[in-house]
Protein chains: 2
Amino acid sequence: MKEIPKKPRLSRAEAKARTREELLKAARVVFARYGYHGTSLDMVAEAAGYTKGAVYANFSGKEDLYLALLDNNLSTGDSELEELIISGVSFGTVSDKITENFYTELEDDRDWAALTVEFFAHAMRNETIRTKLTERIRLAQDYYTSCLEKRIAATGAELPMSVEQTATTLFVFSNALTLLALLDPQPELPGISARMLKMLLG
Amino acid sequence: MKEIPKKPRLSRAEAKARTREELLKAARVVFARYGYHGTSLDMVAEAAGYTKGAVYANFSGKEDLYLALLDNNLSTGDSELEELIISGVSFGTVSDKITENFYTELEDDRDWAALTVEFFAHAMRNETIRTKLTERIRLAQDYYTSCLEKRIAATGAELPMSVEQTATTLFVFSNALTLLALLDPQPELPGISARMLKMLLG
DNA sequence: GTCTATAGAACGATAGAC
DNA sequence: GTCTATCGTTCTATAGAC
């Protein structure tokens with residue numbers, strides 16, 4: 001008689017890793033939808049098909065879960081802006097690209113942006129969390145810096161400030177303008193964005 | 001015998017209105033200190049010298065109380081930045097002033113800033129509130145615009161964009177940089193602020 | 001048999017409603 | 001002031017991997 005093929009059982013470590021990934025995946029959806037305060041760990045666990053026990057077996061608590069989520073997101077250089085900066089195309093092209101796509105995919109990020117703002121406010125009132133969020137923001141700034149350095153190497157562009165200062169300015173301004181656009185989609189915002197990029201990227 | 005002057009009794013409507021004002025006054029302090037989520041109606045009532053019953057007699061709930069606070073809060077052009085813009089002094093002076101005072105009084109606004117960020121996040125998820133906040137932001141942008149126009153009239157400065165665009169940029173950037181500074185007081189931020197002002201004020 | 005990831009109950013605190 | 005609901009966290013029991 002032919003043997004029924006065995007599906008190899010997951011090792012304990014593999015099972016735990018998978019659980020963690022599924023929890024993170026569920027957390028991304030639930031947090032984005034209901035916000036930080038509006039999300040309970042029960043909701044996350046249920047969405048992932050587990051219970052709170054699984055959450056606490058993999059994360060030290062709610063904050064830790066969110067920060068793990070944030071790290072996951074930061075590690076994927078997702079924004080189109082950075083690619084444009086790196087790519088070394090002329091700022092005319094950069095501007096056109098930005099203006100053209102400004103509002104197209106903005107709405108997809110609405111929930112995540114709201115979540116980010118909410119956690120930012122949370123962090124402003126708590127030393128421990130503030131420190132942890134600060135570390136992540138510094139990493140993001142560093143990433144912008146490295147993008148600019150690549151651009152300089154490729155095009156020899158001259159910046160209006162030091163690379164770090166320009167990177168910080170780009171980071172602050174682009175994020176803030178995105179937030180304003182999500183709250184109030186004024187038609188002038190893409191033009192402002194393009195103009196500022198022109199001034200900053202040299 | 002001389003009559004003791006009567007202190008006219010408050011009518012019921014007057015008493016209720018006074019209670020409402022005192023609750024709002026207390027709410028402003030408590031909300032700023034503990035944030036929207038961190039504030040309980042008990043705390044507000046107690047700070048005003050009432051009980052929760054008074055709150056529910058005057059507002060339909062926490063959100064309504066907050067919205068009343070928002071409506072009550074007329075934007076008083078408080079920021080030093082606007083005065084500097086209007087005053088028509090050279091950007092060198094403006095920059096020096098900004099750099100010099102950048103962190104001095106920033107900490108005083110921490111609670112208000114955190115509350116604003118928290119409310120912004122809230123507004124991003126609620127159509128009604130978003131509309132109300134949008135109106136206020138437009139007013140703030142208009143105020144910046146009028147400041148810039150006064151500056152232009154006084155100095156004939158040339159801006160890198162239209163007055164409205166420059167005003168929006170100033171508004172977005174200065175607020176965002178303030179928030180970053182409150183979260184993570186990097187020493188480069190004042191310099192960035194000064195440099196950006198120089199670029200924007202012409 | 002031992003260890004541990006997870007389920008699920010229990011706890012303590014706190015909120016908003018009325 | 002009470003009442004109910006809910007949340008984050010902790011604790012314990014258990015099933016399954018080793």
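Domain bounds here are taken from an automatic or database domain assignment, and for chain A that assignment gives domain 1 (10-60) and domain 2 (77-201). This is a predicted model, in which local features need pLDDT of at least 70 and side-chain atom pairs count only at pLDDT 80 or more, while totals for chains, interfaces and linings use all residues. Side-chain values use heavy atoms, with hydrogens and water left out.

**The two domains of chain A**

- The C-alpha centres of domain 1 of chain A and domain 2 of chain A lie 30 Å apart, and 6 residues of domain 1 of chain A are in contact (heavy atoms within 4.5 Å) with 5 residues of domain 2 of chain A.
- Between them, these domains bury about 580 Å², 69% of it on carbon and sulfur atoms, where buried area is the accessible area (1.4 Å probe) that two parts lose on being put together, summed over both.
- A:Ala32, A:Tyr36 and A:His37 supply 73% of the area that domain 1 of chain A buries against domain 2 of chain A, more than any other three residues.
- Between domain 1 of chain A and domain 2 of chain A the count is 0 salt bridges, a salt bridge being a side-chain nitrogen of Lys or Arg within 4 Å of a carboxyl oxygen of Asp or Glu.

**Where chain A meets chain B**

- The contact takes 47 residues from chain A and 48 residues from chain B, and the area buried between the chains is about 3,900 Å², of which carbon and sulfur atoms give 69%.
- On the side of chain A, the residues that lose the most area to chain B are A:Met124, A:Arg125 and A:Leu183, together 21% of what that side buries.
- The count between chain A and chain B is 4 salt bridges; B:Asp184 forms a salt bridge with A:Arg138, the closest N and O atoms being 2.7 Å apart.

- A:Ala121 is found in helix α7 (residues 110-124) of chain A, helices being DSSP runs (H or I, at least four residues) numbered from the N terminus.
- A:Ala121 is buried, with a relative accessible area of 3%, where buried means under 20% (1.4 Å probe, protein chains only).
- Leaving aside neighbours within four places in sequence, A:Ala121 is in contact with B:Ala114, B:Val117 and B:Glu118.
- Of the 120 residues in the largest nonpolar core, A:Met196 and B:Met196 touch the most other members; such a core is a set of buried Ala, Val, Leu, Ile, Met, Phe, Trp, Tyr and Cys residues joined through side-chain atoms within 4.5 Å.

Notes. Residues are numbered from 1 along each chain as its sequence is written. Chains are lettered from A and ligands numbered from 1 in the order in which they are written. Helices (H or I, at least four residues) and strands (E, at least two) are DSSP runs, numbered from the N terminus. Buried means under 20% relative accessible area, exposed over 50%, partly exposed in between (1.4 Å probe, protein chains only).
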